[in-house]
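Work through the exercises below with the sequence and the structure at hand. Each task is followed by a solution in steps.

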Amino acid sequence: MPTDALDARIVTLFTDNPRMSVLEASRRLSVARATVQARLDRMQETGVIAGWGPRIDAEALGYDVVAYCSLTIRQDTGHDAVVAALSRIPEIQEVHTVSGESDLLARVAARSNSDLQRVIDAIVSTNTVLRTSSVIVLNTHFQGRMLPLLHAAADTGSQPPAAVTKQ
């Protein structure tokens with residue numbers, strides 16, 4: 001979906017001030033309230049804005065350890081069955097099908113390293129995963145960075161950059 005600089009400014013403003021009213025946003029942006037509302041509605045309808053809910057911090061809940069686990073699955077079960085089994089483990093926050101030596105990459109939250117072992121054991125006990133390999137996050141410098149991507153899309157009008165041709 002094409003976005004422009006005003007879309008990026010609107011989303012940035014609501015990201016920085018999520019409880020701001022549309023009227024206040026229109027005042028700060030010096031545009032009509034209806035314009036702000038229409039653009040928010042359009043971006044929500046097209047999926048640019050994925051939601052408005054609260055973001056939960058796993059660390060504040062006592063899950064201080066984050067790990068990425070590469071999972072090699074049983075090929076006879078298929079991805080859907082594996083994902084269904086993994087979705088029943090609450091500490092698994094994300095699962096992605098990936099290329100390379102493993103089949104899936106899971107982001108896991110745990111209370112400690114020994115708790116991480118418990119989660120990995122739970123993953124293997126689903127009988128859908130043959131092997132795991134994990135890396136523990138030591139420090140997170142940033143995550144969920146979407147505003148720079150939105151601004152980049154707005155600057156290019158959501159069109160991919162033109163291919164460079166050699167002459």
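At 52% relative accessibility, Asn127 counts as exposed, where exposed means over 50% relative accessible area, buried under 20% and partly exposed in between (1.4 Å probe, protein chains only). The model is predicted: local features need pLDDT of at least 70, side-chain atom pairs count only at pLDDT 80 or more, and totals for chains, interfaces and linings use all residues. Residues are numbered from 1 along each chain as its sequence is written, and side-chain values use heavy atoms, with hydrogens and water left out.

**Exercise 1.** Locate Asn127 and describe its phi.

Step 1. Asn127 sits in the loop between α5 (113–124) and β4 (129–136); helices (H or I, at least four residues) and strands (E, at least two) are DSSP runs, numbered from the N terminus.
Step 2. Its phi is positive, near 60 degrees, in a residue other than glycine.

**Exercise 2.** Describe the cover of strand β1 (residues 65–73) and find its partners.

Step 1. Seven of the nine residues of β1 are buried.
Step 2. β1 pairs with β3 (residues 104–110) in the antiparallel sense over seven bridges; pairing requires that DSSP finds at least two bridges between two strands. Val65 has Ala110 of β3 as its bridge partner.
Step 3. β1 also pairs with β4, antiparallel, over seven bridges, and Ile73 stands opposite Val129 in β4.
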